[in-house]
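I opened my notebook to look up a few things about side chains and aromatic rings. The entries below follow the order in which I looked.

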Amino acid sequence: MNGEFDIEKLILKFRQAIYLHKSHLRKSATENGLYDGQLPILEYIIKNDGCTQTDIAKFMNVTSASVATSVKRMENSGLIKRSTDTDDMRYNRLSICEDGLNRAKECRNCFNRIDHTMFSGLTEEERRIFCDCLDKMIKNLS
């Protein structure tokens, strides 16, 4: 077995774990009445009441246009509300609605259970080593 084979095998398993994790998160979000990517937006609005779409886009490192689609969908679903800024009518301020708060909390609980399931069976030491390895990989690619 050469080193390249080991790396290919590791990458394949790493990608499979990421894919399965994301698949479970997406399914959980859907079961909680949310679309993929809406939970981070809802959680940002909860922590930053009165924020703008631009604020969310900067936080998520995406374009305002990509946030706009989700915001419109969430507003139409009654998860968030939009109000015009009293000082500058060019800006809309976003706030969470009760249904949005409830769905975000339930979805976050499900996501946390999925995360715990993913790492179940690993000892504290194995999790620490895994974290150290990820830190090195991130540093290598930075």
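Is Tyr44 buried or exposed? I looked this up in the model, which is predicted. Tyr44 has a relative accessible area of 14%. That is under 20%, so Tyr44 counts as buried.

**Aromatic pairs**

I searched the whole structure and got 2 aromatic pairs. One of them joins Tyr44 and Phe59, with 4.8 Å centre to centre and 35 degrees between the planes, and is tilted. I noted that Tyr44 is in helix α2 and Phe59 in helix α3, so this pair ties together parts 15 residues apart in sequence. Phe59 is exposed, at a relative accessible area of 54%.

I then took Phe119 and Phe130. Their ring centres are 6.0 Å apart and their planes stand at 55 degrees, so I wrote this pair down as tilted. Phe119 sits in the loop between α5 and α6, and Phe130 in helix α6, so the parts tied together are 11 residues apart in sequence. Phe119 is partly exposed at 29% relative accessible area, and Phe130 is partly exposed at 36%.

**Helix α3**

Next I went through α3, residues 53-60, and listed its buried residues: Gln53, Ile56 and Ala57. Why are they on the same side of α3? They cover an arc of only 100 degrees around the axis. These buried residues pack against α2, α4, β1 and β2. On the face turned away from the buried side I found the exposed residues Lys58 and Phe59. After α3 comes Asn61, with a positive phi near 60 degrees.

**A charge over a ring**

Last, I checked Arg73, which lies over the face of Tyr35 at 3.9 Å from the ring centre.

Terms used
Residues numbered from 1 in each chain as written. Predicted model: local features only at pLDDT ≥ 70, side-chain atom pairs only at ≥ 80, totals over all residues. Heavy atoms only, no water. Buried < 20%, exposed > 50% of the residue type's maximum accessible area, 1.4 Å probe, protein only. Helix = DSSP H or I, 4+ residues; strand = E, 2+ residues; numbered from the N terminus. Arc of directions from axis to C-beta. Contact = heavy atoms within 4.5 Å. Phe/Tyr/Trp six-rings, centres within 6.5 Å; stacked < 30°, edge-to-face > 60°. Lys NZ or Arg CZ within 6 Å of the ring centre and 35° of its normal.
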